[in-house]
Amino acid sequence: MSGYTERNALGKIKVFDLNLLTVFEMVYTHSSVSLAASSMGMTPSAVSQSLQKLRSHFNDPLFIREGKGISATTVATNLHEQLTQSMEQLGRVVSVSSENDLKKKFVVYSPPFMGMALLPAVLQGLHNDGVDYEIVHHSGYTESVKTEELLSFRKADIIFSTSPYTSFSTVCVPCAETELLFVCRKDHPRLNGVLTRELAAQEKFTAFNVDDPEIVAGKIAINDALGSRNTVFSSNSMLTIMSVVENTDTVGGIPIGLMQRFAGNFNVQVLKTDFAMPRVTFYMIYNRSSTHNPVFSAMLERLKKEIPESLKSEVKEEG
């Protein structure tokens, strides 16, 4: 870049409030002024004022009202894509440091079941590899919007999610798959190892209340096979569902890996079905620029090695 061109670019940036782009990205991510305001600790009025400045600058409405929410215009979508690429390049510049100062503390988000199945083996493997690290784990389920916010603002390094998310600056790869199965307590008064459509009509069910497209699709597939079910309890905790099932006459659906991990801790039995139960895919998502950090790359390789071993176990049927 020539001296004149560089000065010209800096002059344009100097008169433009770059904070407005942060507001834009948050509104784009949440598709909501109020949610964007809440996530940034601002008032909706302040966010609206920032959007108005951006509309004037780009001579475009950027977002238009659609039902109860808002949708991005083509100009806003193009701006988001360009900002995503620019942020990746900027991230590479500001992350340059000596090897001794490289980041060794990593934040990982994953569902509880995935964390229990995977992270102990990863930690031991990194220790055996002699890698200097610290992992901070957040247990929970992240949707695409939450994933984008966590990665864009560097609040997470790796996210395991049942919701895939792709962009110019991120890598999203399917890394594991688990089958769902039905369980009930071993001394259930009516069920003994089998669940049919006729039997299901007489039973009460628990439900996993995570609003995730892939999980919702699984629920729909089960409803098609078993018909409408009487749901009396729902939770976003699989362990809570397991506890409720073993202490009541309810039936619950859980991942096969969770059953394998806690089969000896809960008084439950697996129920066979005459239809194929849904399978849930887990995705590993991270910023593409993070691979420039050798410690991160070492952790990433260890994760890839341990994922198949951690999730390949199957539940053995009781004789």
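Predicted model: local features only at pLDDT ≥ 70, side-chain atom pairs only at ≥ 80, totals over all residues.
Now for the overall make-up. The chain has 319 residues, and 42% of them are buried. If we take the contacts with a separation of 6 or more, 75% of them join residues 24 or more positions apart.

Let's turn to a pair of helices. Helix H2 covers residues 19-30, helix H4 covers residues 44-58, and the two pack with their axes 9 Å apart. The angle between them is about 110°, which means H2 is roughly perpendicular to H4. On the H2 side, the contact is made by Leu-20, Leu-21, Val-23, Phe-24 and Val-27. From H4 come Val-47, Ser-50, Leu-51, Lys-53 and Leu-54. Sorted by class, the contact of H2 with H4 has 8 nonpolar residues, 1 polar and 1 charged.

You'll find Thr-281 in strand S12, which runs over residues 279-287. Is Thr-281 buried or exposed? Its relative accessibility is 16%, so Thr-281 counts as buried, given that buried means under 20%. And what does Thr-281 touch, once we set aside its neighbours within four places in sequence? Thr-281 is in contact with Ser-161, Thr-162, Pro-174, Ala-176, Glu-177 and Glu-214.

Notes
Residues numbered from 1 in each chain as written. Heavy atoms only, no water. Buried < 20%, exposed > 50% of the residue type's maximum accessible area, 1.4 Å probe, protein only. Contact = heavy atoms within 4.5 Å. Helix = DSSP H or I, 4+ residues; strand = E, 2+ residues; numbered from the N terminus. Axes fitted to C-alpha atoms, helices over the stretch in contact; angles between N-to-C directions. Parallel < 35°, antiparallel > 145°, perpendicular 65-115°, else oblique. Nonpolar A, V, L, I, M, F, W, Y, C, P; charged D, E, K, R; others polar.
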